[in-house]
Amino acid sequence: MKVSIIVSCFNNTRTATHMSMLCLDHIRKFTDPPYQLIVVDPVPKFPIRDDYKTLGLENDPDTIWAKFPTDIGYTAGMNKGAELATGEVLVFIQNDVFVREHWLPDLLWYIKDGWDVVFPDQVPRSREYVKESYTREHSNEFAKKGGRDAGLMMITKSAFDKVKWNPELSLLAERDFYERMSKAGIRWIDTNKVLITHIMAATNLEILDTNPNEYEKRMTKDAEAMNK
């Protein structure tokens, strides 16, 4: 199965840009080809740097660096990434997510087993828990025991085409997406066989800290859009 990995960035702070670079670095280190990489990078205030050419964003036929002159929005950006994808399977990764060894084939096992969507475990775990997870076999025994979140999600292209992301939403986009999947009869599973690191809410920390009123305004706007 050909996989397209879509990384959604919004590099409006140096911290966010460094997270994006580390996210991409982990993908390159811990993912065996072939795969397609699509980096959605709208209006970067602090551009991604690849001084040592370890990220492979330039002159790579399997990489699309999708830069946009305006902020097209989180959900619209992911939809655009999906439009550019040529894979049968899509992986949406937020830029505050860091993958680990064997993450891609281990998640693909569930897709090949007949599931439409799979989420890896992405909540903080102890060192002992992480070490024990590496000994687990591929099995549905470990399903429904993970920590589901949209920091990383693998979905078949055919399933995604039935739902897509709602371009009117931002903060509540994931909740809306889950509801869309349920209504469309899409089969999803989470697993603690596969663990990743997700700095949850990192992409929203600046607005939470500096402008909580704007955060509340966006939440209200999203809620109104979902209730239309």
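Thr31 touches Ile5, Trp103 and Leu104, not counting residues up to four places away in sequence; contact here means heavy atoms within 4.5 Å. This is a predicted model, in which local features need pLDDT of at least 70 and side-chain atom pairs count only at pLDDT 80 or more, while totals for chains, interfaces and linings use all residues. Residues are numbered from 1 along each chain as its sequence is written, and side-chain values use heavy atoms, with hydrogens and water left out.

Back to Thr31. Thr31 lies in the loop between H1 and strand S2, residues 36-42. Helices and strands are DSSP runs numbered from the N terminus, with helices being H or I of at least four residues and strands being E of at least two. Thr31 counts as buried because its relative accessibility is 4%. The cut-offs are under 20% relative accessible area for buried, over 50% for exposed, and partly exposed in between, with a 1.4 Å probe and protein chains only. The C-alpha atoms of Thr31 and Ile196 are separated by 13 Å, and the two residues are 165 apart along the chain.

The loop between H1 and S2 also holds Pro34. The peptide bond from Pro33 to Pro34 is cis, with omega near 10°. Most residues other than glycine have a negative phi, and most peptide bonds are trans.

Lys53 has a positive phi near 55° and is found in the loop between S2 and strand S3, residues 63-68. Lys53 is exposed, since its relative accessible area is 65%. His102 has a positive phi near 70° and is in the loop between strand S5, residues 97-98, and H3. With a relative accessible area of 46%, His102 is partly exposed.

Next, helix H3. Which ones are they? The buried residues of H3 are Trp103, Leu104, Asp106, Leu107, Leu108, Tyr110 and Ile111. Two of these, Trp103 and Leu104, are also contacts of Thr31. An α-helix has 3.6 residues a turn, so residues three or four places apart point the same way. What do the buried residues of H3 pack against? The partners are helix H1 (14-30) and the strands S1 (3-8), S4 (89-94), S6 (117-121), S7 (152-156) and S8 (188-195). After H3 comes Gly114, with a positive phi near 115°.

Helix H2, residues 74-84, has as its buried residues Thr75, Gly77, Met78, Asn79, Gly81 and Ala82. Their cover includes S1, S2, S4, helix H5 (157-163) and H6. Ser8 sits in strand S1 and counts as buried, as its relative accessibility is 8%. Leaving aside neighbours within four places in sequence, Ser8 is in contact with Val40, Tyr74, Met78, Ile93, Gln94 and Asn95.

Asp176 is in helix H6, residues 173-184. Is Asp176 buried or exposed? Asp176 is buried, because its relative accessible area is 9%. Outside four places in sequence, Asp176 is in contact with Asn166, Leu169 and Met226.

Now the second largest pocket. Its volume is about 240 Å³. On a 1 Å grid over the protein atoms alone, a pocket is an open set of points where a 1.4 Å probe fits, with protein on both sides within 12 Å along at least five of seven lines, and lining residues have an atom within 4 Å of a point. The volume is the space filled by probe spheres set on the points, which are joined across faces, edges and corners. Which residues line the second largest pocket? They are Arg14, Thr17, His18, Met21, Phe46, Pro47, Arg49, Asp50, Asp51, Tyr52 and Thr54. The lining divides into 4 nonpolar, 3 polar and 4 charged residues. Ala, Val, Leu, Ile, Met, Phe, Trp, Tyr, Cys and Pro count as nonpolar, Asp, Glu, Lys and Arg as charged, and the others, Gly among them, as polar.

Last, the whole chain. The secondary structure comes to 8 helices and 9 strands. The radius of gyration is 17 Å, close to the 17 Å that the globule rule gives for 228 residues, so the chain is as compact as a globular protein of that length. That radius is taken over C-alpha atoms, and the rule is 2.2 Å times the number of residues to the power 0.38. The C-alpha trace spans about 45 × 45 × 35 Å along its principal axes. Of the 228 residues, 49% count as buried. Among contacts between residues at least 6 apart in sequence, 82% join residues at least 24 apart.
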